[in-house]
Amino acid sequence: MPALAQNEAVRQTVKRLTTLIDIALNTPVGERVVDTLCMTSRTTSESQGYAWIGALPGMREWLGPRKFKELLAYDYAVKNREWESSLQLQKKAMEDDSIGMLSPVANSLVSKARRKPDNRLVDVINAAETSQCYDGQFFFDSDHVSGNSGPQSNLRTVDVTAAATPTPQEIRDIVDDMAVDMMLLKGDDGENFIDTVLDVEGTWTLCVPASYAKAVGKAYGQNLTGEDVGGTVVAVDNYSLIRPRVLPLTRMQANTIDLYYTGAEIKPYVHQERSDVEYQPKGMDDIEFKHVKMMTRSRFEIGYMAWFYASRAKLQTGS
């Protein structure tokens, strides 16, 4: 087949592939972990500052003159990163029209690019004990300070029967303790970060490693159980304080439980978007090369936001 004819065959195949990519890009990706744990921030520059985190004033009765609150002098910014994915397709396969998997190829390219923020978020979560947030402390730390609050902790170590296989009751007790402590955390104005807690859907989110999924499922999988009250069996909640939404994360570090308050406008993390997923084919008309290159690109970063809406328990086998 003459080179120009081959180029036309390749060109038509690439055209079909790019059409499928366009369709995939315009198809809703479904809920992601970042949609639950992250506040979305659209940026137009290389980095974005968040000096206001943790210093927003609450409401008070208006008696006399207004009391203006200044933002604390935090210096915190999140710098965007650039991400890419690249794929080579053989021209002779296109020429022979033997690529029968164009749709999976297109969907895979787009899916991996659009799911990358979730993967990046898990990396950020795993590094949270050694990465600083806006107050200069590690995101999960034992000595966060807001104004005159004194040291406040969102990190604990808990003894359990077996760290690799905690019991459902141990998980419920740990999560309840984490929720209570989180509700008592205070900002620089002396007010609680969490104003009012209603145990409704979306208020609490529990992230666990995949190895804990079965135990956590038993801890919160059933809404009701029977309890004898004065000789009568009645239905009661199968948990004590809260019933969080559970997100098992396949790459989350072992023996760790993270509880997040996700019922506020500000979230524990920020998904900072600079540019959406872009793609470009290259080399389809160049006879020097045997492949067509399909390339995707995006710019974003996941950053630490509200430590006071996050709590971590590290489980260890007790003596």
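These legends describe close-up views of one predicted model.

The model is predicted, so local features need pLDDT of at least 70 and side-chain atom pairs count only at pLDDT 80 or more, while totals for chains, interfaces and linings use all residues. Residues are numbered from 1 along each chain as its sequence is written, and side-chain values use heavy atoms, with hydrogens and water left out.

View 1. Helices (H or I, at least four residues) and strands (E, at least two) are DSSP runs, numbered from the N terminus. Buried residues make up 42% of the 319 residues in the chain. Here buried means under 20% relative accessible area, exposed means over 50%, and partly exposed lies in between (1.4 Å probe, protein chains only). A contact is a pair of heavy atoms within 4.5 Å. Among contacts with a separation of 6 or more, 78% join residues 24 or more positions apart.

**View 2. An open sheet is built from 5 strands.** Their order is E5-E13-E10-E6-E9, and the pairing is mixed. Strands E5 (155-160) and E9 (245-249) are the edges, and each pairs on one side only. From one strand to the next, the twist averages 25 degrees. Two strands pair if DSSP finds at least two bridges between them. Strands of a sheet pair through backbone hydrogen bonds, either parallel or antiparallel.

**View 3. Strands E6 and E10 pair in the antiparallel sense.** E6 covers residues 204-209 and E10 covers residues 256-261. The two share 4 bridges. Look for threonine 205: its bridge partner in E10 is tyrosine 260.

**View 4. Helices H5 and H6 lie across strands of the sheet.** H5 (residues 168-183) lies across E5, E6, E10 and strand E13 (310-317). H5 runs at about 40 degrees to E10. H6 (residues 213-220) lies across E6 and E9, at about 150 degrees to E6. Axes are lines fitted to C-alpha atoms, for helices over the stretch in contact, and angles run from 0 to 180 degrees between N-to-C directions.

**View 5. H5 meets H6.** Their axes come within 8 Å and cross at roughly 75 degrees. That makes H5 roughly perpendicular to H6, a label for angles of 65 to 115 degrees. From H5, the residues in contact are Pro168, Ile171, Arg172 and Val175. They meet Ala215, Val216, Lys218, Ala219 and Tyr220 in H6. This contact divides into 7 nonpolar, no polar and 2 charged residues. Ala, Val, Leu, Ile, Met, Phe, Trp, Tyr, Cys and Pro count as nonpolar, Asp, Glu, Lys and Arg as charged, and the others, Gly among them, as polar.

**View 6. Buried residues of H5 pack against E5, E6, H6, E10 and E13.** Among them are Ile171, Ile174, Val175, Met178 and Met182. Glu170, Arg172 and Asp176 are also buried.

**View 7. Threonine 36 sits in helix H2 (residues 33-37).** Is this residue buried or exposed? At 10% relative accessibility, threonine 36 counts as buried. Leaving aside neighbours within four places in sequence, its contacts include Thr205, Arg245 and Leu247.

**View 8. Isoleucine 266 lies in the loop between E10 and strand E11 (269-282).** Isoleucine 266 is buried, with a relative accessible area of 16%. Methionine 305 is 39 residues away from isoleucine 266 in sequence, and 8.0 Å away in space, C-alpha to C-alpha.

Methods: Parallel < 35°, antiparallel > 145°, perpendicular 65-115°, else oblique.
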